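I opened my notebook to record what I looked up in this protein, one topic at a time. Each entry gives the question I had in mind and what I found.

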Amino acid sequence: DRDFVTMAMRISVRAAGGLSQELSSDPAFAGRLLELFPSALVYLSGSLRRSKDFILQAVQKNGEVLRYACGWHSEPEVVLTAIEKASHAVHYVDSRLRQRVDFGRAAVLVNCWSFEQLPSRHRSSLPLALEAARAQPALAHFATEGIRNEVVYLIKKEQSEAIGAPKGYVEGPVWWIPEISKQPERAEALST
């Protein structure tokens, strides 16, 4: 019984080890199970674990599934889908893929919060740090020490200019409000 298995797994995820062949191969049941218990992936049928479509659906619902998805850590579409849901999924990505410049940018594009989880190689890239900080200014503080002050200054400057602050005014109390720079009509209303 599906409800019984779900209740048993709340006590111990190892209860999934007793799944019938039917349940461990049922994509709908397995998908719902992984939403709650990502580690249950190891107990599902091999055919589901090898199915790219199934893995994509699973990480789309719960990015933590990537942690248990053996063989999928270097598949860009799968890992970026997981990162979109859970920025910390960056840690489960194959190290060679994680070091690639194009991967760092793609990760920040799908989930700006992944910037803080990226290796220092990416966090020391001024263009990438600015991209992350434009999406969420608080991320400027996760840039590496060598560029952090520059990133913070440039983001403050861009935010000040976006709301129509006087030229050179970057230390004002509104620099950190990302909504203003993303909504030009509000910025115009504030400047009049």
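**Entry 1: ground rules.** I noted that this is a predicted model, in which local features need pLDDT of at least 70 and side-chain atom pairs count only at pLDDT 80 or more, while totals for chains, interfaces and linings use all residues. Residues are numbered from 1 along each chain as its sequence is written, and side-chain values use heavy atoms, with hydrogens and water left out.

**Entry 2: the whole chain.** I looked up the secondary structure and found 13 helices and 0 strands, where helices (H or I, at least four residues) and strands (E, at least two) are DSSP runs numbered from the N terminus. I then checked how much of the protein is buried, a word that means under 20% relative accessible area, with exposed meaning over 50% and partly exposed in between (1.4 Å probe, protein chains only). Of the 192 residues, 45% count as buried. For contacts, meaning heavy atoms within 4.5 Å, I noted that residues 24 or more positions apart account for 38% of those with a separation of 6 or more.

**Entry 3: the core.** Which residues have the most contacts inside the largest nonpolar core? A nonpolar core is a set of buried Ala, Val, Leu, Ile, Met, Phe, Trp, Tyr and Cys residues joined through side-chain atoms within 4.5 Å. The largest one has 46 residues, and Leu66, Phe103, Phe115 and Val151 have the most contacts inside it. Helix 3 (27-36), helix 5, helix 6, helix 8 (101-110), helix 10 (126-135) and helix 11 (145-162) each supply at least two residues of this core. I kept a general remark beside this: in soluble globular proteins, nonpolar side chains tend to be buried together. I followed up Phe103, which, leaving aside neighbours within four places in sequence, is in contact with Val79, Leu80, Ile83, Val93, Leu97, Arg98 and Leu118.

**Entry 4: helix 5 and helix 6.** I found that helix 5 (residues 52-61) and helix 6 (residues 76-85) pack at an angle of about 15 degrees, with their axes 8 Å apart. Axes are lines fitted to C-alpha atoms, for helices over the stretch in contact, and angles run from 0 to 180 degrees between N-to-C directions. The two helices are therefore roughly parallel to each other, since angles under 35 degrees count as roughly parallel, over 145 as roughly antiparallel, 65 to 115 as roughly perpendicular and the rest as oblique. On the helix 5 side I listed Lys52, Ile55, Leu56, Val59 and Gln60, which meet Glu77, Val78, Thr81, Ala82 and Lys85 in helix 6. These contact residues divide into 5 nonpolar, 2 polar and 3 charged, where Ala, Val, Leu, Ile, Met, Phe, Trp, Tyr, Cys and Pro count as nonpolar, Asp, Glu, Lys and Arg as charged, and the others, Gly among them, as polar. In helix 6, I noted Val78, Val79, Leu80, Thr81, Ala82 and Ile83 as buried, and their cover includes helix 5, helix 7 (95-99) and helix 8.

**Entry 5: the partners of helix 10.** The axes of helix 8 and helix 10 come within 10 Å and cross at roughly 5 degrees, which makes helix 8 roughly parallel to helix 10. Here Gly104, Arg105, Val108 and Leu109 in helix 8 meet Leu128, Glu131 and Ala132 in helix 10. The axes of helix 10 and helix 11 also come within 10 Å, but they cross at roughly 45 degrees, so helix 10 is oblique to helix 11. By class, the contact of helix 10 with helix 11 has 8 nonpolar, no polar and 3 charged residues.

Entry 6: Is His122 buried or exposed? His122, found in helix 9 (residues 120-123), is buried, with a relative accessible area of 4%. His122 and Val101 are 21 residues apart in sequence and 7.0 Å apart in space, C-alpha to C-alpha. Leu36 lies in helix 3 and is partly exposed, with a relative accessible area of 48%. Val170, in the loop between helix 11 and helix 12 (178-182), counts as buried at 7% relative accessibility.
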